[in-house]
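Please go through the packing and the charged pairs of this protein. What holds its parts against one another?

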Amino acid sequence: MLNWYQTEKRLTISGNKEEQNMLNGKKVLFSGMQATGNLTLGNYLGALKNWVTLSDEYECFYSVVDMHSITVRQDPATLRKRARALYTLYIAAGLDPEKNCIYYQSHVSGHAELMWILNCFTYMGELNRMTQFKDKAAKHADNINAGLFTYPVLMAADILLYQTDVVPVGIDQMQHLEITRDIAERFNNIYGDVFTIPEAFVGKVGAKIMSLQDPEKKMSKSDENPNASIYLMDDPDTIVRKVKRAVTDSEGVILYRDEQPGVKNLLNIYCACSGKTPEDAVKEFGGRGYGDLKTAVAEEVVSVLKPLQGRVAQLEKEKSYLDSMIKNNAEKAQYFANKTLRKVQKKVGFPERPR
């Protein structure tokens, strides 16, 4: 097994066959989360929990995307703390850092270098159509910076840098994957077969968890209402309190239907945590009240998060282990990033770098 503590200069692996062996003959999957806010139960059940199963089928690159985070003003100390906390949560959730490449985006300079090149192959009209820019600009009217506008190009660089085959994306990110494909195809049409054209990951769909206070929108770590989201590090008493305050309705009957979004959301949380189906859950709570449902939901959430929180606490004590994984995976990510970056730089005409 290749020792990623070696510097790239000392790496002697070359050629497609050897590189394919390094990736275990698997297709490449890329994903990441921003190092802002605190991860919610929705982040865990909808994405992170499912990532754990993907490393058996794919060579996975999971990034703590701290570069994306600074499009909105961040307190430096808080950002560093949250980035490490997110890295720790990745591992605590079951992602093996020796099997998956888990790294900080800011530790791999290729993301920024490739982004600049891709900026020159991205049209203003394409970026103007990005709905997320419009949404974020409306929320941060006092800081509409160029980073917010070119955010999709950095995301394209994230994906294309590792010759990614598949990307797990929700509906809200599909537009970014589409522009990534457009940029890659445009570059390939000019310079030949340089980038792998990524596809949307189609697999097991994670539970879609909605806000406890507004079940018409997704649970979000950026929600201003602290009672709207259950955070992964919430203590049991806090979880119980938030679930008891969850919005339901005046119908007083527990059914799994769109007409009762609050009740449906609680049932989704219950099923995602317990492994039961909505049909079984409805039968279980037939003739019972919302109070019983909320009590059961809170108990299931606590049972799921308690072991996760225990693993986080243990990992936080193992500073040297985390530091070594951060260093090792950054070197692995940088190596594969450089393979793509050098090829792109040569294609556009940049002078070859001395070795």
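This is a predicted model: local features need pLDDT of at least 70, side-chain atom pairs count only at pLDDT 80 or more; totals for chains, interfaces and linings use all residues.

Residues are numbered from 1 along each chain as its sequence is written, and side-chain values use heavy atoms, with hydrogens and water left out.

**Cores**

A nonpolar core here is a set of buried Ala, Val, Leu, Ile, Met, Phe, Trp, Tyr and Cys residues joined through side-chain atoms within 4.5 Å. Buried means under 20% relative accessible area, exposed means over 50%, and partly exposed lies in between (1.4 Å probe, protein chains only). The largest nonpolar core has 62 residues. L48, Y62, Y87, Y90, V301 and L305 touch the most other members. Helix α13 (residues 290-316) supplies the largest share of this core, 12 residues. Helices (H or I, at least four residues) and strands (E, at least two) are DSSP runs, numbered from the N terminus. A separate core holds 38 residues, among them V28, L154, A156 and V167. In soluble globular proteins, nonpolar side chains tend to be buried together.

**Y87 and N329**

Contact means heavy atoms within 4.5 Å. Leaving out residues up to four places away in sequence, Y87 touches V64, I102, Y103, Y104, L322, M325, I326 and N329. N329 sits in helix α14 (residues 319-348). N329 is buried, at 2% relative accessible area. A polar atom of the N329 side chain lies 2.9 Å from the backbone oxygen of M325.

Helix α4 (residues 76-92) has 17 residues. The expected span is 1.5 Å times one less than the number of residues. For α4 that gives 24 Å, and its end C-alpha atoms are 24 Å apart, which agrees. Buried residues in α4 include L79, A83, L86 and Y87. Just after α4, G94 takes a positive phi of about 120°.

Helix α5 (residues 110-119) buries G110, H111, L114, M115, I117 and L118. Seen down the axis, these fall within an arc of 165°, so they line one face of the helix. The arc is that of the directions from the helix axis to the C-beta atoms. The buried residues of α5 pack against α3 (66-69), β3 (101-104), α8 (146-160), α9 (174-191) and α14.

**Salt bridges**

A salt bridge is a side-chain nitrogen of Lys or Arg within 4 Å of a carboxyl oxygen of Asp or Glu. The whole structure has 15 salt bridges. The table lists some of them.

| Pair | N to O distance |
|---|---|
| R353 and E113 | 2.5 Å |
| E284 and K276 | 2.9 Å |
| E331 and K327 | 3.0 Å |

Why does the pair R353 and E113 tie together parts that are 240 residues apart in sequence? R353 lies in the segment after α14, while E113 is in helix α5. R353 is partly exposed, at 39% relative accessible area. E113 is partly exposed too, at 24%.

E331 and K327 are 4 residues apart in helix α14, so about one helical turn separates them. E331 is partly exposed at 23% relative accessible area, and K327 is partly exposed at 41%. R84, K319 and D323 are linked in a network of salt bridges.

Definitions and conventions. A polar contact is a pair of N or O atoms within 3.5 Å; within protein, one must be able to donate a hydrogen and the other to accept it, and residues adjacent in sequence count only if both atoms are side-chain atoms.
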